[in-house]
Amino acid sequence: MRYSRFFLPTLREVPADAEVISHRLMLRAGMIRRVAAGIYEVLPMGLRVIRKVENIIREEMDRAGALELFMPSILPAELWQETGRWDFYGKELLRVRDRHSRDFCYGPTHEEVFTDLVRREIRSYRQLPLNLYQIQTKFRDEIRPRFGLMRGREFTMKDAYSFDRDLAGAERSYQAMHEAYTAIFARCGLRFRAVEADTGKIGGSLSHEFMVLADTGEDRVVSCAACDYAANLEMAAVAPSEARQGSGPPPDSGLDPEDVQTPGKKTVQEVCQFLGITPQELVKTIVLKGEKGPVAVLVRGDHEVNSVKVRRLVDDETLELADAETVAAVTGAPVGFAGPVGLKVPLYADNALAEMAGFVTGGNADDVHTRGVDLADFRVEAFADLREAVEGDPCPKCGGILTFLRGIEVGHIFYLGTKYSEAMGARFLDESGAERIIEMGCYGIGVGRTAAAAIEQNHDGKGIVWPLPLAPFQVVLLSLDPGKTEVHAVAERLYEELTAGGLEVLFDDREERPGVKFNDADLVGIPLRVTVGGRGVKEGVAEFKERATGEESRVPLDRVPDAVREFVRRQS
């Protein structure tokens, strides 16, 4: 491709509205342009990267036995009403009406429509297992779209859905997709981890996120240095060995609870400083509310409640932090003074409390805390792992030390079970003629997000540093003196030889200063730069520079095609 004929509107200045590296560089490198909040045009350079990601996905999905199809993006409300998600999904679901006043939505995900297809077409166990996928546009009406393709409202997604006869088959399908995703991101040239994750609004009981590791990542990845355990912060388990988990008689401090005045002291830091105690000697009482009513969760003062773990324990996905009015109604006190003694709502305690005695809690009265509280002073429904992990916690798998990394979610796989198939009546007849519910899984990859995450992981002060598998071109060929007949002729000959050999070449044949060409080459991040200039032509060489390492070399002109092919082979 000749640069002079390519649409590549690069920018010198950093766009004011771009908040993260990938957003800035994708705008500056002429890959995307904003149309509206969270909605972007993908320009030719960006589309070449997107297609690279899609091709890798297709090859690995096909290798795993999945079949590609294409679903509509506008979906009828009735399908979503069958599963209850028409109301549960919330305002992220963009609802529309046609001219006949019939309700539709712009699909943010496609569980319902895939399940509907299968229930209409699958009759026998002989037709299973089945794995269907598509690469298609989605829309989620994010309240704060930001970060370019990292968190847009409209985006391209690969979503797949597996359908199996039984749990064993569903587990095989899940494992096949886990392996396929591992291959996909490895082929993309990315450093990543597969981590245990919450199922969220998709539902189901087993889930893994695939996280690209980057210092700029939004998500915290909890990882063990001694084994392969990894989870996101929502799902990271805390080893139960740190506590008795409520077994045997609770510890007794021998103290009687004593109310003390703590005027205006609401935070852990304020209370501890006022009473001369450490956060490890204080218990926080956190009130949450959901459709099943309010509950209270107890955690040590230096820990934070993990609401995902609480939801799973009490089986209420609607649980959220209670508002001030609910806290006052439950405790009789304003926020900051809640305590477990005398509460009439169910109490759940984190495992770390099981060995505590004589601790401080809120006093359920304005400006009051209580000293000398023991577990025997109130009733706990259950002890469980209900807190967020912190660095230095023991690994729940091997006992090693947990460390934190930053990551960007690019893929997510779920075992759904019969959540959707039962709600929508997707059944089949087994070998004995009995009717059974189909077991399901679903598997998503953010295509544009993967490209953006690759930039977050691979960049420097000059621009993007593409891993070769995702690079829009494999080599950028610079002609430094396009007006000079001899230099131009050599560059033209190399361009023809390289392209004839099947290499992807961006030929910078513009009449621009060398500095402009060097800067643009660094900005767009093509892995190998080959420069043809007047001095080099006289000496019979071209200059090579690898974008990732900065390594430079001089290659005889007649060896350039072979040297480029060798570079591509090494990097592939």
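Asp315 counts as exposed, at 57% relative accessibility, and sits in the loop between α8 (307-314) and β16 (320-321). Its phi is positive, at about 55°, although Asp315 is not a glycine. Please keep in mind that this is a predicted model.

**Backbone details to look at**

- Most residues other than glycine have a negative phi, and most peptide bonds are trans.
- Ser101 is a further non-glycine residue with a positive phi, in this case about 65°.
- You can find Ser101 in the loop between β5 (94-97) and β6 (103-106).
- Ser101 counts as exposed because its relative accessible area, 52%, is over the 50% cut-off.
- Asp315, at 57%, is likewise exposed because its value is over 50%.
- A cis peptide bond runs from Leu128 to Pro129, with omega near 5°.
- Pro129 belongs to the loop between α5 (111-121) and β7 (130-139).
- Gly525 follows α13 and has a positive phi, near 80°.

**Overall layout**

- The chain has 572 residues, and buried residues make up 53% of them.
- Its secondary structure comes to 15 helices and 31 strands.
- Three domains are assigned: domain 1 (46-236 + 404-456), domain 2 (242-384) and domain 3 (473-571).
- Domain 1 is written as two stretches of the chain, 46-236 and 404-456, and domain 2 (242-384) falls between them in the numbering.
- Between the C-alpha centres of domain 1 and domain 3 there are 41 Å.
- The C-alpha trace spans about 95 × 65 × 50 Å along its principal axes.

**Helix α13 and its surroundings**

- α13 (514-524) has these buried residues: Val516, Lys517, Asp520, Ala521, Asp522, Leu523 and Val524.

**Ala29, a buried loop residue**

- Ala29 lies in the loop between α1 (21-28) and β1 (32-36).
- Ala29 counts as buried because its relative accessibility of 1% is under the 20% cut-off.
- Beyond its neighbours within four places in sequence, Ala29 is in contact with Leu8, Thr10, Met45, Ile464, Leu523 and Val524.
- Two of these partners, Leu523 and Val524, are also on the list of buried residues of α13.
- Gln571 is 542 residues away from Ala29 along the chain, yet their C-alpha atoms are separated by 23 Å.

**The largest cavity**

- The structure holds 2 cavities of 30 Å³ or more, and the largest cavity has a volume of about 50 Å³.
- Its lining consists of Val476, Ala521, Asp522, Ile526, Pro527, Leu528, Arg529, Lys545, Glu546 and Arg547.
- At least two lining residues come from each of α13 (514-524), β29 (528-532) and β30 (541-546).
- Ala521 and Asp522 line the largest cavity and are listed among the buried residues of α13.
- By class, the lining of the largest cavity has 5 nonpolar residues, 5 charged residues and no polar ones.

**The second largest pocket**

- The second largest pocket holds about 390 Å³ of space.
- Of the 20 residues that line this pocket, Thr285, Ile286, Val335, Gly336 and Phe337 lie nearest its centre.
- Two or more lining residues are given by each of α7 (268-275), β14 (283-289) and β18 (359-362).
- β14 gives the most to this lining, with 5 residues.
- The lining of the second largest pocket divides into 12 nonpolar, 6 polar and 2 charged residues.

Definitions and conventions:
Residues are numbered from 1 along each chain as its sequence is written. This is a predicted model: local features need pLDDT of at least 70, side-chain atom pairs count only at pLDDT 80 or more; totals for chains, interfaces and linings use all residues. Side-chain values use heavy atoms; hydrogens and water are left out. On a 1 Å grid over the protein atoms alone, a cavity is a set of points where a 1.4 Å probe fits but cannot get out, and a pocket is an open set with protein on both sides within 12 Å along at least five of seven lines; lining residues have an atom within 4 Å of a point. Grid points are joined across faces, edges and corners, and a volume is the space filled by probe spheres set on the points. Helices (H or I, at least four residues) and strands (E, at least two) are DSSP runs, numbered from the N terminus. Ala, Val, Leu, Ile, Met, Phe, Trp, Tyr, Cys and Pro count as nonpolar, Asp, Glu, Lys and Arg as charged, and the others, Gly among them, as polar. Domain bounds come from an automatic or database domain assignment. Buried means under 20% relative accessible area, exposed over 50%, partly exposed in between (1.4 Å probe, protein chains only). Contact means heavy atoms within 4.5 Å.
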